[in-house]
Amino acid sequence: MTVLDSFSLKGKTALVTGGCYGIGYAIGKALGQAGATVVFNARNPGRIQKALSDYEADGIRAYGYVCDVTDEAAVQDLIETIRKEHGAADILVNNAGIIRRIPMCEMSAKDFREVIDIDLNGPFIMAKAVLPDMIKKGHGKIINICSMMSELGRETVSAYAAAKGGLKMLTRNIASEYGGYGIQCNGIGPGYIATPQTAPLREPQADGNPHPFDSFIIGKTPAKRWGTPEDLMGAAVFLASDASNFVNGQILYVDGGILAYIGKQP
Ligand code: NAP
Ligand code: GCO
């Protein structure tokens with residue numbers, strides 16, 4: 001086997017949560033291109049149908065299911081369906097997530113709980129559902145999509161940062177608790193990526209000037225650009241494949257250098 005063979009996902013079943021568009025779609029496409037059978041879930045049936053057409057157009061064999069990652073019974077049904085129809089998931093990518101940008105003192109506990117539920121409880125529920133099959137098989141890959149906010153705070157994203165910080169530690173704990181079963185759990189920490197989730201931060205102003213946050217991020221990123229979902233594809237294939245069998249509990253930041261850079265003197 002050559003080192004390139006170790007990146008192959010042929011014969012593997014990969015489950016990507018929130019795999020309809022954005023980062024999840026790019027990761028699903030990458031795992032499919034590497035040979036995996038791609039299964040994905042989301043809440044919106046119309047978006048799932050659109051994504052199935054997109055995967056087909058991209059030459060990827062994919063299967064989509066309506067399932068909310070916070071609904072434990074629905075998740076158990078999903079995992080059983082995948083096991084029956086495609087074989088137990090070998091790879092889980094916990095990608096599904098939301099954000100609420102509200103100053104903390106104005107944020108309701110309901111809003112805070114909803115973000116924590118989807119962004120942290122959801123990955124727990126999904127990982128707990130796939131681990132028994134991975135333990136039986138003696139191998140498995142769990143990839144949690146973390147964030148700059150796993151390491152940094154900023155105004156208005158208290159719930160999201162708390163969730164993504166927790167997700168970093170959930171990643172390390174799964175790695176610690178199940179590494180002995182041939183299972184690796186790692187994270188990908190994207191920088192600022194151009195997707196629907198960050199569209200409000202990039203919309204040009206009424207006078208045609210760039211959004212101040214757009215300019216801020218480009219200034220804070222050594223690469224001097226926003227990332228694209230495609231920038232994450234290689235990291236996803238690496239962490240989903242045998243090439244990373246001795247990598248466990250790590251967060252791989254794909255951020256154009258933001259976390260390394262203090263920023264330019266004004
Ligand atoms: P996005 O464009 O908002 O897409 C989110 C996806 O998650 C959608 O497919 C959505 O579909 C699904 N989803 C949301 N809640 C769900 C639930 N309860 N159950 C199942 N699916 C659910 O987000 P994105 O920018 O691609 O980000 C994807 C992940 O990367 C998120 O975890 C995000 O926090 C993280 N991230 C993003 C960036 C960035 O700059 N964009 C950077 C770092 C990390 P439905 O609404 O149909 O369910
Ligand atoms: C924000 C952004 C970020 C990105 C991402 C950065 O409002 O600051 O949405 O949180 O989504 O998580 O890594």
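Student: Is F246 buried or exposed, and what is its relative accessible area?
Tutor: Before we start, this is a predicted model, in which local features need pLDDT of at least 70 and side-chain atom pairs count only at pLDDT 80 or more, while totals for chains, interfaces and linings use all residues. Residues are numbered from 1 along each chain as its sequence is written, chains are lettered from A and ligands numbered from 1 in the order in which they are written, and side-chain values use heavy atoms, leaving out hydrogens and water. Buried means under 20% relative accessible area, exposed over 50%, and partly exposed in between, with a 1.4 Å probe and protein chains only. F246 is exposed, and its relative accessible area is 87%.

Student: Which side chain makes a polar contact with the side chain of Q184?
Tutor: Q184 sits in strand 6 (residues 183–190) and counts as buried at 8% relative accessibility. A polar contact is a pair of N or O atoms within 3.5 Å; within protein, one must be able to donate a hydrogen and the other to accept it, and residues adjacent in sequence count only if both atoms are side-chain atoms. The Q184 side chain reaches the backbone oxygen of G182 at 3.4 Å. Its side-chain partner, at 2.8 Å, is K141.

Student: Why does the length of helix 2 agree with what its residues should span, and how far apart are its end C-alpha atoms?
Tutor: The expected span is 1.5 Å times one less than the number of residues. Helix 2 (residues 45–57) has 13 residues, so it should span 18 Å. That agrees with the separation of its end C-alpha atoms, 19 Å.

Student: What arc do the buried residues of helix 2 cover around the axis?
Tutor: The buried residues here are I48, A51 and Y55. They lie on the same side of helix 2 because their arc, taken from the directions from the helix axis to the C-beta atoms, is only 60°.

Student: Which elements do those buried residues pack against?
Tutor: The opposite face of helix 2, turned away from the buried side, carries exposed Q49, K50, E56 and A57. Counting contact as heavy atoms within 4.5 Å, the buried residues pack against helix 1 (22–33), strand 2 (37–42) and strand 3 (62–66).

Student: Which residue caps the N-terminal end of helix 2?
Tutor: Look for a side-chain oxygen 2.8 Å from the backbone nitrogen of G46. The capping residue that provides this oxygen is N44.

Student: How much of ligand 1 does the protein bury?
Tutor: Counting residues with a heavy atom within 4 Å, 30 residues surround ligand 1, the closest being R43, R47, N95, Y160 and T195. A backbone N or O atom of N95 lies 2.7 Å from an oxygen atom of ligand 1. Accessible areas come from the Shrake-Rupley method with a 1.4 Å probe; for residues, only the protein chains shown count as cover. Taken alone, ligand 1 exposes 890 Å², and the protein buries 96%.

Student: How far is an oxygen atom of ligand 2 from an N or O atom in the side chain of R154?
Tutor: Around ligand 2 there are 14 residues, and those that come nearest are R101, S147, R154, Y160 and Q197. A polar side-chain atom of Y192 lies 2.8 Å from an oxygen atom of ligand 2. For the R154 side chain, the distance to a ligand 2 oxygen is 2.6 Å.

How values were computed: Helices (H or I, at least four residues) and strands (E, at least two) are DSSP runs, numbered from the N terminus.
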